Every structure is written in structure tokens, then in C-alpha cells.
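Dear colleague,

Please find the structure below.

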Amino acid sequence: MSDRRKMLEQCPSSHDEIAPARLESAAGKVYWRSLDQLAGSGEFKDFLQREFPAYASELLDGSRRHFLRIMGASLALAGAASVPGCRRPENHIIAYNKQPEVVVPGMALFYATAMPLPGGGCEGLLAETFEGRPTKLEGNPLHPVNLGKSSLASQSSVLDLYDPDRDPAVYAALAAERGQTLAATPWAEFVAFSQEHFGGFDATQGDGLAFLVEKATSPSRDAIRDRILKKWPKAKWHAYEAIDNENAMEGLRAAFGSAMRETLELAGAKVIVSFDRDFLGGEGCTLGEARGYAAGRYSGGTAPGRAASDSEMSRLYVVEPMMTLTGGQ
């Protein structure tokens with residue numbers, strides 16, 4: 001008896017010679033794969049032939065070692081043909097040539113750092129590193145702003161270190177697609193350019209020269225600013241932020257006589273009223289305000305900024321033209 005005949009006897013529902021008369025005489029409920037099986041069409045018979053290909057049983061002939069030899073050779077050929085086209089090339093990054101004494105492979109090493117915030121200020125962070133490679137950022141519990149927590153921006157900033165688009169070759173390829181040439185500018189060329197364009201301001205002490213920079217808290221940049229203004233006393237230095245709450249800043253200037261930025265103490269507030277101010281969704285120092293708001297909502301015991309006997313949860317009222325994260329609370 002052939003292998004195909006044995007297979008069809010074990011699975012009579014797939015027999016390509018089943019006639020409607022035989023199906024009608026069957027006892028109980030009868031099920032078909034499709035109407036083509038019921039009609040015995042040629043397309044269904046071809047499908048059965050493809051489902052059970054000829055000579056498939058020959059793989060089982062011989063010893064187990066013969067079968068493994070055939071399958072191993074097939075997998076090896078398939079892997080050799082597909083792996084180079086499916087995997088990205090491996091680029092090894094060398095963190096250091098000589099391993100420092102404080103680095104133990106497999107054990108994390110933490111460094112205290114900070115990340116500047118838009119408009120000024122910074123977040124105090126702890127960077128987790130493995131063999132010189134930073135992998136995770138968390139809030140520094142000793143920092144007065146973070147107090148052990150971190151924002152969405154700081155959590156995602158570590159991904160920029162491993163962005164493949166940072167490769168200069170990628171930038172060069174993108175520039176070539178636009179018909180441009182991207183090349184590094186030598187330092188000597190920049191010195192020649194600066195002497196040609198800024199050398200004339202030495203006689204006028206910087207009169208007519210202005211620097212437009214983003215708002216940032218940076219001692220290094222402040223030192224550069226002081227050196228520039230010392231060299232050119234009449235030069236102008238303007239810090240500007242493309243997205244800034246200028247109305248609030250002007251109101252604080254009118255109230256206190258100088259430019260200031262408010263800091264909301266929400267931990268001890270019993271009632272909070274917000275007029276079109278999304279203090280939890282990106283306006284101001286969101287991390288510190290979010291922690292203060294959460295402390296005011298905490299009623300299960302002692303929370304930062306609240307007395308031990310104060311267990312009443314704060315109330316929030318929001319008036320705004322559109323739904324914000326603060327209004328969704």
C-alpha cells in the first residue's frame with residue numbers, strides 16, 4: 001500500500017475522489033472545507049496535490065543520521081543565503097583602549113550629571129553606564145528639582161547617543177541626495193573667516209554687533225559671553241526663546257521690577273485654580289510642579305511639603321479653551 005493511500009485512509013476528508021453521493025450517505029453532520037470540495041472541482045484537487053507533495057515520504061527513508069544530514073545541509077544553505085541580507089552590519093564601538101580600574105564588566109557605574117531645560121534651568125540626573133556606555137538616566141535624589149525623578153525629555157535623551165543618523169556618512173549621503181557637499185570645516189578656515197568678518201569691530205568696540213542665542217543655563221556659555229563683552233563692550237547679547245510665555249514674564253517684570261520666572265509651590269495648596277495654564281503639560285518647570293501637585297493630592301500619610309496631620313486632598317479647578325493634560329486631571 002502506497003504512502004499516499006495510507007494518508008488518505010487516515011484522513012478521508014481530504015480524499016480527492018469523494019463523490020457527493022458518498023457524502024450524502026455519511027452518518028451525522030458532514031463538513032466540507034469549501035464548496036469546491038463538495039463539487040469535486042479541479043482546483044480543489046490541485047490544492048490537495050500541493051498540500052501533500054509527491055515523494056515527501058522519501059525523507060523518512062534510511063537512518064535517522066541520514067535524515068539529520070539532509071536537514072542540516074538544507075538549513076546551512078538557507079542560513080548562508082538569507083543571513084547576510086537580513087541582518088544589519090555590526091559596527092563595534094570602542095569605549096576605551098585601556099579599561100579603567102573602576103570599571104567592572106557587567107556592573108553598573110553611575111555618574112551625576114545635568115541636562116539643560118528649555119528657557120533656562122536644568123535637571124539633575126544620574127547616568128547609568130556599563131563599560132563606559134550610558135544606557136539609562138534617572139533623577140538625582142539630591143537635586144532640588146528632580147528629587148529622584150526624571151522627565152520625559154531626559155528619559156528619551158539617551159536615545160540620541162545611539163541614533164544611527166549621527167553618523168557623518170549618513171549626513172554626507174543626505175547632502176549628496178540634495179546635490180550638496182558636506183565636509184568638515186578646518187579650524188584654520190574658521191579663524192580666517194572670523195578675522196575677516198569681526199576684525200573691523202575692534203576699532204568700534206563692537207558697536208553694531210549683536211549676538212542672538214537661545215536661553216540656557218550654562219556657566220561655560222556665560223564665561224564666553226563675558227569674554228566677548230569685555231573685548232567689545234558696545235556689542236549686544238540677546239537671549240531669545242522661540243516658544244516662551246512672554247506675557248507672564250512681562251507681568252512679573254511689572255510686579256517685581258525685573259525679569260523673573262515664577263515657581264509654583266503646589267505641595268501645600270488646598271485649592272488650585274488654573275486659567276488656561278497647562279502647568280503639568282510643558283509650561284514652566286513641569287517636573288517640579290508635577291511633584292508638588294502629586295504631593296498635594298496624596299492623602300495616605302505624610303507627603304513632602306505637607307504636615308503629618310494634613311490628610312486632605314487638594315482640589316483642582318481649570319478654566320481653559322481646550323483640553324490639556326492639567327485639565328484632564
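How many residues does helix α12 have, and what distance does the helix reach from its first C-alpha to its last? Helix α12, residues 286-297, has twelve residues and reaches 16 Å, close to the 16 Å expected at 1.5 Å a residue. The expected span is 1.5 Å times one less than the number of residues. Helices (H or I, at least four residues) and strands (E, at least two) are DSSP runs, numbered from the N terminus.

This is a predicted model, in which local features need pLDDT of at least 70 and side-chain atom pairs count only at pLDDT 80 or more, while totals for chains, interfaces and linings use all residues. Residues are numbered from 1 along each chain as its sequence is written, and side-chain values use heavy atoms, with hydrogens and water left out.

The buried residues of α12 are L287, E289, G292, Y293, A295 and G296. Buried means under 20% relative accessible area, exposed over 50%, and partly exposed in between (1.4 Å probe, protein chains only). Strands β2 (122-130), β6 and β7 are included in what covers these residues.

L287 is also in contact (heavy atoms within 4.5 Å) with S151. S151 lies in the loop between β3 (133-139) and α6 (152-157), and S151 counts as buried because its relative accessibility is 17%.

Strand β6 also holds F275. Why does F275 count as exposed? The reason is that its relative accessibility is 61%.

Yours sincerely

Notes. Lists of a residue's contacts leave out its neighbours within four places in sequence.
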